[in-house]
2 protein chains.
Amino acid sequence: MVKKIKDTGAEEKILAAARKVFLTQGMAGARMQDIADEAGINKALLHYYFRDKDKLFETIFLEEAQKFFPKINKIFNSDDALFEKIENFVHEYIDEMQQNPYLPWFVMNEMNRDPQKFLDKIWGNSNRPDPSKFLSQIEKEVKKGTIKRISPLHLLFNLLGMTIFPFISKPMITRNLGMDELQFRTAMEQRKKEIPKFIMDSISK
Amino acid sequence: MVKKIKDTGAEEKILAAARKVFLTQGMAGARMQDIADEAGINKALLHYYFRDKDKLFETIFLEEAQKFFPKINKIFNSDDALFEKIENFVHEYIDEMQQNPYLPWFVMNEMNRDPQKFLDKIWGNSNRPDPSKFLSQIEKEVKKGTIKRISPLHLLFNLLGMTIFPFISKPMITRNLGMDELQFRTAMEQRKKEIPKFIMDSISK
DNA sequence: ATTTTTGTTAACCATTTGGTTAAACTATAT
DNA sequence: ATATAGTTTAACCAAATGGTTAACAAAAAT
C-alpha cells in the first residue's frame with residue numbers, strides 16, 4: 001500500500017537506462033538485458049517495476065514526447081508577433097535538441113514504424129502539436145501585406161526542416177563534413193540567429 | 001560456374017521483398033521470415049542466395065544508398081551557377097523522394113545506429129556526398145557580392161533541411177495536418193519551386 | 001538416358017530474448 | 001525478536017528467430 005516512501009533509485013535508474021537504450025536503439029533494437037545492464041540491476045527487476053517491454057517503452061516514449069511537444073504548442077499558440085514566434089521556436093527547439101539530440105530521431109522513427117499507434121495513443125488530443133494558429137497568423141500577415149505572399153504550409157515546412165533536420169542527420173553530416181562535437185554545437189548555436197534571419201530576409205518586404 | 005543465365009525471379013523477388021521489409025522495419029525490426037513470406041518463398045532460400053541477414057541487409061542498403069547519393073554529387077559538383085544548382089538539387093531530390101519515400105528515413109536511421117560502419121563501408125570514398133564544391137561556390141558568390149553575406153554551411157543546412165525534412169516527418173506531419181496522400185504529393189511538388197524561391201528571396205541582394 | 005549441378009523445401013537446431021518463479025534479502029512495523 | 005511487506009536476485013522457461021541440414025525437384029551437362 002505504501003508507495004515510494006523512499007526511492008533508493010532502482011526505478012529511476014531503470015528509467016534512465018531505458019531512456020538511453022530506447023533512444024539509441026529504438027524499440028525493435030533495444031534488449032531488456034541491455035537496459036538491465038545499463039541500470040546495473042537484475043533483468044527481473046525491470047518486470048517488477050514495469051510489467052513488460054511494451055509498457056516500459058510506452059512510459060519512456062510518452063515521457064519524452066510529452067516534455068517535448070507541449071513546449072512547441074505553447075510557442076505556436078502564444079500571442080507573440082510572427083517574427084518573435086519564429087525566433088522563440090527556433091531558440092527553444094535548438095536548446096531542447098542540444099540537450100537531447102536523439103529525441104527527434106527517436107520520435108519520428110517510432111512514428112514511421114506505426115503511425116496509427118502513437119498519434120492516437122501518445123498525444124491524447126491534449127498535447128498534440130497544433131500549428132493551426134501559427135498558420136492562420138501567417139495568412140493574416142500576408143493579407144495585411146506586412147510580409148511577402150507565401151504559403152503558410154510551406155513556411156512551416158521550411159521552419160521545421162531548417163530547425164530539426166540538422167539534428168536528425170547529425171551523424172551523417174558531421175562525419176561527412178569532418179565536424180567534431182564542439183563544431184556541431186557551435187554551428188547549432190549559430191543557427192538560433194541564422195534561421196530567423198534567413199526566414200525574415202526571405203519573407204519581409 | 002554459369003551464373004544467372006536465366007532468372008526465374010527468385011533472387012529478384014527476394015531483393016524486392018527485402019527492400020520492402022528493411023525499408024519499413026529497419027535492420028533490427030526486420031524478420032527473415034517476413035521477407036520470405038513477402039517473397040513467397042521458403043526461408044532457407046534466403047540463405048541460399050544471401051548468406052545471412054547482415055549480407056542481405058548490406059546488399060539492400062548499398063543498393064539504395066548508391067542509387068541515391070551519386071545523383072546528388074553530380075549536381076553539387078556540376079559547373080552550373082549557384083541558383084541553377086539549388087534548383088536542380090531540390091528538383092531531383094524531391095522527385096527521388098516521391099518515388100522512394102522511405103529512403104531518406106531508412107538511410108539516416110541505420111546511419112544513426114552505427115555511423116562508423118556505413119560511412120566507411122557503404123561509401124567507398126567514391127560516391128560519398130561531397131558538398132565542398134557547392135560550399136566554396138557559395139563563398140565565391142558572397143565575395144563577389146552577388147548574394148548577401150551568408151555562411152555556406154548554414155545555407156547548406158537550410159537547403160537540405162527544407163528539402164528532405166518533410167519526407168522524414170511525413171507520417172507525423174500529414175496525420176497532424178489532416179493531409180491525405182494526394183495533398184502531400186502536390187505540396188511536395190509545389191516545393192520544387194517554393195524552396196528555390198524562398199532561398200533566393202533570402203540571399204539575393 | 002543418366003549423371004551432375006542448381007534450386008527449393010520441410011524439418012530441425014542453437015541462440016537469443018522476453019518473461020516467470022521461487023527463494024533470499026532488507027527494512028519496517030508489531 | 002519476529003512477523004510482514006516490499007525489493008532483488010539466480011535460475012528457469014517458452015517463444016521467437018537466425019541459421020543449418022538433408023532430402024527432393026528441376027535443369028543442365030555428359
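Begin at the interface of domain 1 of chain A and domain 2 of chain A, where the rule finds 0 salt bridges (a salt bridge being a side-chain nitrogen of Lys or Arg within 4 Å of a carboxyl oxygen of Asp or Glu). This is a predicted model, in which local features need pLDDT of at least 70 and side-chain atom pairs count only at pLDDT 80 or more, while totals for chains, interfaces and linings use all residues. Residues are numbered from 1 along each chain as its sequence is written, chains are lettered from A in the order in which they are written, and side-chain values use heavy atoms, with hydrogens and water left out.

**Stop 1: the two domains of chain A**

Select residues 8-50 for domain 1 and 69-203 for domain 2; such bounds come from an automatic or database domain assignment. Their C-alpha centres lie 30 Å apart. Each domain contributes 6 residues to the contact (heavy atoms within 4.5 Å). Together the domains bury about 500 Å², 70% of it on carbon and sulfur atoms; buried area is the accessible area (1.4 Å probe) that two parts lose on being put together, summed over both.

Next, select A:Leu23, A:Thr24 and A:Met27, the residues of domain 1 that lose the most area to domain 2, together 74% of what that side buries. The touching side of domain 1 divides into 4 nonpolar, 2 polar and no charged residues.

**Stop 2**

The mean is 89, and 92% of the residues reach 70 or more. Over residues 1-7, however, the pLDDT is below 50, and beyond near neighbours in sequence this stretch has 2 contacts in the model. Where pLDDT is low, the predicted coordinates should not be read in detail.

**Stop 3: chain A against chain B**

The contact takes 55 residues from chain A and 54 from chain B, and the chains bury about 4,900 Å² between them, 65% of it on carbon and sulfur atoms. Select A:Phe157, A:Phe165 and A:Phe198: in chain A these lose the most area to chain B, together 15% of what that side buries.

Finish at the salt bridges between the chains, which number 2. One side-chain pair to select is A:Lys148 and B:Asp201, which meet in a salt bridge at 3.8 Å, N to O.

How values were computed:
pLDDT is the predictor's confidence in each residue, from 0 to 100. Ala, Val, Leu, Ile, Met, Phe, Trp, Tyr, Cys and Pro count as nonpolar, Asp, Glu, Lys and Arg as charged, and the others, Gly among them, as polar.
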